Amino acid sequence: MSMKTPGLLDALTLALRRLPGVGQRSAQRHAFHLLQHDREGARQLVQTLAAALEGLRPCRLCNSFTERDVCETCDSDQRDRALLCVVETPADQSMVEQTLAYEGLYFVLMGRLSPLDGVGPREIGLQRLLERAGDGVVREVILATNFTQEGEATAHYLGELLRARGLAVSRLARGVPVGGELEYVDPSTIAQAMRDRRAVRG
């Protein structure tokens, strides 16, 4: 006769499974660890997560997470405002920043075009991107979407629209492997791909 798992434990395991890369066994292992060995850590996790959900919001300009109306990056007078790097996620933005090879501004799509999943231009904030890129200051838009099928399709679609508005558009060089996601690529590879970026032409 198998042991019946308490309902709250099942609920905790199910909640942990929502994290990327965490399967059933990993989620159960994490749940047991927090309950058995690190209850204080579990309380801290709950409190910090609740505070983050309450206190973080999209930056009015770049769409990344911030505690203020405009994030520190967008507000900095040390950034090159003529450059705008378009990435899929805040994690991708963080990886580009770690390269120390880019000093411009960002726009975070919070996704990529994927019609089969119901993700279209509206869901990735296309209108906000066009407004940001067309502010009269931006001269070059660097498309740093991932080299996945959806990321490439997103880059192609955005490139067409941005070039039609008279903007120079470039794409990260192929130092990033095909199928690669920036979040998992080492900073030196991203830095080289940024330096070797190529112009996007029709």
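The model is predicted, with local features requiring pLDDT of at least 70 and side-chain atom pairs counted only at pLDDT 80 or more, while totals for chains, interfaces and linings use all residues. Residues are numbered from 1 along each chain as its sequence is written, and side-chain values use heavy atoms, with hydrogens and water left out.

The chain has eight helices and seven strands, where helices (H or I, at least four residues) and strands (E, at least two) are DSSP runs numbered from the N terminus. Its C-alpha trace spans about 70 × 35 × 35 Å along the principal axes. Of the 202 residues, 40% count as buried; buried denotes under 20% relative accessible area, exposed over 50%, and partly exposed in between (1.4 Å probe, protein chains only).

Strands are taken as paired if DSSP finds at least two bridges between them. Strand E3 (residues 80-87) and E4 run parallel and are joined by five bridges, with Cys-85 having Tyr-106 in E4 as its bridge partner. From E3 the chain passes through helix H5 (residues 90-98) to E4 in a right-handed β-α-β crossover; right-handed means that, with the strands pointing away from the viewer, the path from the first strand over the helix to the second runs clockwise. Strand E4 (residues 104-108) is mostly covered, five of its five residues being buried.

A parallel pairing over four bridges links E5 and strand E6 (residues 168-171), in which Leu-143 stands opposite Arg-171 of E6. The β-α-β crossover from E5 through H7 to E6 is right-handed. E6 also pairs with strand E7 (residues 198-199), in the antiparallel sense and over two bridges; here Ser-170 stands opposite Ala-199 in E7.

Thr-148 occupies the loop between strand E5 (140-143) and helix H7 (149-163) and is buried, at 12% relative accessible area. A polar atom of its side chain lies 3.1 Å from the backbone nitrogen of Gly-151. This is a polar contact, defined as a pair of N or O atoms within 3.5 Å; within protein, one must be able to donate a hydrogen and the other to accept it, and residues adjacent in sequence count only if both atoms are side-chain atoms.

Most residues other than glycine have a negative phi. Leu-100, which is not a glycine, has a positive phi of about 60°. Leu-100 is placed in the loop between H5 and E4 and counts as exposed, at 75% relative accessibility. Met-110 likewise has a positive phi, near 60°. Met-110 lies in the loop between E4 and helix H6 (126-133) and is partly exposed, with a relative accessible area of 37%.

The largest pocket holds about 400 Å³ of space. Of its 13 lining residues, those closest to the centre are Leu-12, Leu-16, Leu-34, Leu-45 and Val-46. Helix H1 (7-16), helix H2 (24-37) and helix H3 (39-55) are the elements that each give two or more residues to the lining, and H3 gives the most, with six. The lining comprises 10 nonpolar, no polar and three charged residues (nonpolar: Ala, Val, Leu, Ile, Met, Phe, Trp, Tyr, Cys and Pro; charged: Asp, Glu, Lys and Arg; polar: the others, Gly among them). On a 1 Å grid over the protein atoms alone, a pocket is an open set of points where a 1.4 Å probe fits, with protein on both sides within 12 Å along at least five of seven lines, and lining residues have an atom within 4 Å of a point. Grid points are joined across faces, edges and corners, and the volume is the space filled by probe spheres set on them.
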